[in-house]
Every structure is written in C-alpha cells, then in structure tokens.
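Reader: Please take one part of this model, the ligand surroundings, and describe it closely. Give the cut-offs as you go.

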Amino acid sequence: MQQKDVLPMKSEDSDKRTAAAPEIITGAEAVIRSLIAEDVDTIFGYPGGAIMPIYDALYDFQDKVHHILVRHEQGATHAAQGYTRAGGKTGVVFATSGPGATNLVTGLADAYMDSTPMVCITGQVAAVLLGTDAFQETDVIGITTPITKWNIQVTRPEDIPGAIAKAFYVAKSGRPGPVLVDITKNAQVGKLDFQYKACDYIRSYKPVPVLDIEQVKKAAEVINSAKKPYILAGHGILISGAEKELVALSEKAQIPVASTLLGLSAMSTSHANYVGMLGMHGNYGPNINTLEADVIIAIGMRFDDRVTGEVASYARQAKIIHFEIDKAEINKIINADVAVHADAKEALTALLPLINKADHAEWLETFRAADRKEEEMVTKKELYPTEGQLKMAEVVRLISEQTDGRAILVTDVGQHQMIASRYYRFKDPNTNITSGGMGTMGFSLPAAMGAKVGAPDKTVVAVIGDGCFQMTLQELGTIYQTQIGVKIVILNNNFLGMVRQWQQLFFDKRYSSTEMINPDFVQIAKGFYVPGRKVTERSEIAAAVKEMLDTPGAYLLEVVVEQEDNVFPMVPAGAPLSAIRLA
Amino acid sequence: MQKEYTVTVYTEDRIGITNRITVIFTRRGINITSLTTAETEVPGVYKFVITVLSTRDLLEKVVGQIERLIEIHRAFVHEEDEVVYQELALYKISTKALHQGDIEKIIRDNNARILTITPDYFVLEKTGHQQELIGMLQKLEPYGLIEYTKSGRVAIVKWSRRFHEHLKDLSLQEADNLKD
Ligand SMILES: Cc1ncc(C[n+]2csc(CCOP(=O)(O)OP(=O)(O)O)c2C)c(N)n1
Ligand SMILES: [Mg+2]
C-alpha cells in the first residue's frame, strides 16, 4: 500500500491568525471572534430563533464585521459564492435552524459542484432537544452530508473555535468546497476559555498531493512528440492561480487552448492561441477538434458530460494527459494515459522547462477555419443582426464592448447564459461567474450582489433570463438596503427559453409549460428603488447599455429579445461531439 | 464483471462517518452486503470492512470518492485472494435435536463450538467463509433450527504492512479533539 503522500507543512500564516491569551467568553462571541481571526469582514445571512445569540454577539462587532441581510437564505449562499469567486476571500453565511438551514441546500450543492469555498454557520436547537423533533429542528448534518466537503455539529462551547478553524482550512485547501458548522443553542450561550488557533493540518486529510515529477516528465514527453496538442483549460486553473503558466505553456509550444464554461477568463479571449469554449453550446472548432487532436492536455477540469457528449466516442484517437488535484476525478469519466495528480500551478511550473519550443501553425489554422464556418453560419447573424427583434448576442456584444471585457460577468442559467458565455470577450481572470455543474436558476442576482461586495472596484453585470430573475428577485431588497451597485440585464424572451429550445428540437414543438406571462420588471425594480429601463428597439440598445453603465449604483435594464431563438452550435445531450449542429 | 469484493476503509473516530461512507455506495446504486467496523490497533483509527457485489472499475471510483472525505485515511478495494478473512455465525437449535443421530458429527466436522445449552435450545458457533457457514446451516436445518445469524466480514489484507506502519506514525500526530 502506498502512503497517502507526505504530511503537509505547517504554514507561518496560521501563526498570525492565532490569538493571544485565553479569555472567558460565550460561544456566540467565540463564533464572531473566530471569524474575525480568519480575517472575515463580511457575512451574508438571515437571523432566527436558534441563531439569535450569535446575532446578538455580532451587534458588538459591527465595526469589524459587515453583516448583509439577504432576503432568502439561498440568496446568502449564492452571494457568498459570488463574493469568493470575485474577491478570493472565503464567503461566510449565517442561517437559523430548520427552514433557514434547509434554504441553504441549493447553494451548498451548487458550491460543492463548482468547487467554491464557503463557510455556512447554522444555529441549531439545544443539544438536549436534538432528535426530539423540537421546534425548527432539522437534521442539517444528515441533509448536507452529500453536498458539503465537510460538516460538523458543535454541541459544546469549547469546540467552537476548533470547528471554525477546521472549517476554513477544509473549505479553502486542496479542491475547495463548502462546509457547514451547525452550532446548538446551548453551545452558543455557554462559556469557554477562548483562544483561537488557525488550522493547517488534519491528519487524515492531504489537500495538496505531492507532485510526482516522473509523471510530469512523462507528460512532457508526450506533449513534445505531439503533432496536434490541445489544451482544455478548466476552473482548476483559476482556483490554483495558474493563468500565467497556462499562457506560457500555450505560447512555448504553440498549443491551442479551449476553455470549459467555468474555465472562462483563465485566458484572455483575445489571445491568439485561445480558440473558444467547449461543451454543448461551445464553439464549433473546439468541439470538433477534440476528435482530431493527438494529445489532449486537460488541466483542472473534470470531463463533465456537457463537455464530452457521448463518452464512448470522446477523443478516442487522442492520448489524454490529465492534470488534476482531486484524485477522485482522475479516470472517473475519461481514462488518462498520463495522470498528474497535483495542483495545476505547481505542475505546470514543473512542466514548462521540460517542454520544447514548437510550432503547430497548421493545426491552429484548423481552428481558425472552423471559426470562419461558425461565424458564417451562426456568429455573424447573432452579433450583428440588421433586422427582426433584438438578439441576446448583440446585447452581450454591446455590454462586452462598452465594458472593454473588463467587467465581472455573472450569468444565470439558460439560453442567455450560453449566449453571454459565448460572446463576452473576457480579458481578466476570475471575471466569469456562473453556475456550471448544477445549473441553478436564480443564481446570478445574488451572486452578482456578492461579487460586487467582494470586488467593489469592478463593474459587475448580471445577465439574467426572465425565468431565472423571478426565482431570486427578492434580493433587489438587499441590493437596495445595502446599496450594492450591480448592473442587472434581463434578457426577456417571455419563455423558459432553454427548455423551449429542447421542446422545439426534440419534443416536436410541444411547448409544455414554458411560456411566461411576465410582470413589468422595470416597475418591480422601481418598487425596490432601483432605477431601470425597458428596451425593445435595436436603435435604442447601445444608448441604454451606456445609460446603465453610466448610472451610479444599481440599475436594471430589461431587453425584450426574439422569443423563439435557439442557441447554436449545439451538441444534443448524450450525442457524440461529431453530431454538433450549427443550425 | 460483477463479483464479490472486500472494501476496507480507515477512518477517524467521528460521528456520522458511516453515513458519509455509505451514501457514496448508495449514489452509485451499489448494495452493501455486509459491513463491519471496529477500532484498529491504532487508537482512534477505525477500520470498516465492507463487502459488495460490483465491478472493480466502479469500486475504484467509489473508493476514490470515499478517500476524498476529510476524515478518511485511506480506502482500498480487494479481490478475494488479497485478503485473509473470516465471518462468524451462531445457530440456535432445539435441544431435542441433541438426541437425534448425526448432530455430533456435524459439530465435529465443522469445528463448531457449543456456547450454551438450556432445556429448550442450544447455541452453536462457527467461524469461516460464508459458504462454509451456510453449509453447516443446511446440515442443521433438519434438526429443528430456530434461528441463524451471521456477522459481517473481518479481513486482514495480505500486503498491509506499510500502510499500518504509516497509521502508527500518524497516531503520533494529534487528532483534533472536537467532541462528536
Ligand atoms: C432551479 C431550476 N429549475 C429548473 C431548471 C431547468 N431549466 C434550465 S434553463 C431553464 C429556463 C430558464 O429560463 P430563462 O431564465 O427565461 O432563460 P432563457 O433560457 O429563456 O434565456 C430551466 C427551466 C434549472 N436549471 N434550475
Ligand atoms: Mg427566458
């Protein structure tokens, strides 16, 4: 048997977060002081009976910790996700027991799928009442076990600092993910001798594998002998901070780079070697050339079925090199010829000097030829239509142009998401925030809110469908109360468009429950004191986008777009990539 | 091809750990046929021995997902010939059967032990592999068997030395002392 790699080193950083002399305080105060010790200054949350002692303690620390009162606990989770992905700091969520805790489930599942660190703290009934069906008792540990990286119930005040320390360490390290700490009321009101010690070691947990340099050498050998090497860049690049190494690798051996949905913004879309997005509604070249490459270099991605299409026919001609920090992802869907189980940045740094300079001009040219075909058949009329109703893509193009590709783009789920992801021209890392693995409708408004709080100097634009907006629109209340300057663009096709598209293509146009009779969105925004405007004409849209961006603070722009538009290209679900349709 | 595998999992001593492990089997639709757990020679480290009918390929993935859990040290899949294992069965039989023909021979042939005798019934114990335990069960059935019960598997892996040395080293590192 192999040892599970070497023990991690203690970091100096953790000593800084270790408080001085012990003091007797309540568990509730210990929660807040522990968070402050973890450098937390923002919490998204919603109070209730079982977490009241913690909210009471928070009252004394308002100068250090800003609590943002959301309108629904799901909103708190997505806000925390946006906050983390835009600003880099772990998002923190407070919720009460029972319904407060169950409202966290969707956000936890979303963050778990998309490897987003988050620390949720829930109140719980007193320990003596556990298991008795007490008022607002729910088995939140049982419910959240499959959708958290780790969770724990704390029933003694003295365990609070240790549990919170462990929570932050687990959430951030290795492949990040959400954690939940459930604290019974008696633990909140009880006393402890407070001393905070940050966690940087758990004996059963090895978050960062030891890089096996032999595997890196093997990978280099395969890459150096490749004729048609091809990089698939995933979210792991951004999480690891390996954007520069990715570009260096691509430039040194002239390797084309395609991105997964969550990998978007890891490489500037205007880089000469960047060839586009993978997946069901990705670009044509990146998809078909998956079936042409002789070596696929997958970095920090997990071969989601939206990327692979039919697995049996996926890239059978190619040798697969898989750089991945999570061992469970290696060989899970696609077997790797060379697996490098490591942090992306560390592995790429070791790989770079072993890579020979190369030139794959002919191979790169095949992507450009595919691009021209896509442009002819799809892109041109999407981006620059001259007649008919407004198109989602032209609105996204205008936003992209007017923000110079430098805004943080937060998208919801559906046609507008795919269109925005396809056509926004990302320049800087970590500017794409979307719900990838879960596809959670309602994600973007709260996530955009969190993103703006996490990166206040950035322009944050949420692109939302008319359906998605109505899942979490109550967060306009938070946006108003907290004065969060997010730009909200509703691409209104009066349909659950993505589902309608499937109904049109695969269910004989039987539009079962996908038509939306919508309210007046601008009027709704007005009700929340958020200014807005509705646009239906092509002649007005550029000025309207400008007005939105120029107006200080939050703004809602509703754009009425073509109702029965489809997103192409499209690889039908479960079909081989070769079945990609351009119309 | 589906066959019986032994999965071993080494864990911290933590409430809910069984649930964390079993949901991973559940998600993949794998039925657990037996599960045994107890503390190992290293205080605070528990070992689960789980038997399942499945394929090696699928179980490798399951084990990877189990290992990803924070409080799991390691998890392994073993073929039949990689483990030395034992199961234990108890048989409760009507005491009247003692007066019938072959019961002594059954006890002898099976290396079974009598644990207790009352005027109503007696209890036999046998250890072995499942087939052997069932073999004796079938032999006893004609004698008025009242109840049969069998444990899960305990298993020792033939090549476990390095890993157990590693576990002992680990035990020098403090586990967190959060209460369960
Ligand atoms: C919570 C949730 N419910 C249902 C779905 C299924 N679904 C995916 S896209 C979509 C339609 C979204 O409609 P809209 O927000 O109007 O976006 P459009 O596709 O029209 O751009 C639906 C219902 C989902 N992804 N999430
Ligand atoms: Mg719609």
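**The shell around ligand 1**

A polar backbone atom of A:Gly467 lies 2.9 Å from an oxygen atom of ligand 1. The model is predicted, so local features need pLDDT of at least 70 and side-chain atom pairs pLDDT 80 or more, while totals for chains, interfaces and linings use all residues. Residues are numbered from 1 along each chain as its sequence is written, chains are lettered from A and ligands numbered from 1 in the order in which they are written, and side-chain values use heavy atoms, without hydrogens and water.

Two further backbone approaches involve nitrogen atoms of ligand 1: a backbone N or O atom of A:Gly439 is 2.8 Å from one, and a backbone N or O atom of A:Met441 is 3.4 Å from one. A polar contact here is a pair of N or O atoms within 3.5 Å. Ligand 1 taken alone exposes 580 Å², and the protein buries 76% of that (Shrake-Rupley method, 1.4 Å probe).

The shell has 18 residues, each with a heavy atom within 4 Å of the ligand. Those that come nearest are A:His416, A:Gly439, A:Asp466, A:Cys468 and A:Gly497. At least two shell residues each come from helices H18 (415-423), H20 (466-472) and H22 (497-506) of chain A; a helix is a DSSP run of H or I with at least four residues. H20(A) supplies the largest share, 4 residues.

By class, the shell holds 9 nonpolar, 8 polar and 1 charged residues. Ala, Val, Leu, Ile, Met, Phe, Trp, Tyr, Cys and Pro count as nonpolar, Asp, Glu, Lys and Arg as charged, and the others, Gly among them, as polar.

Terms used: A polar contact is a pair of N or O atoms within 3.5 Å; within protein, one must be able to donate a hydrogen and the other to accept it, and residues adjacent in sequence count only if both atoms are side-chain atoms.
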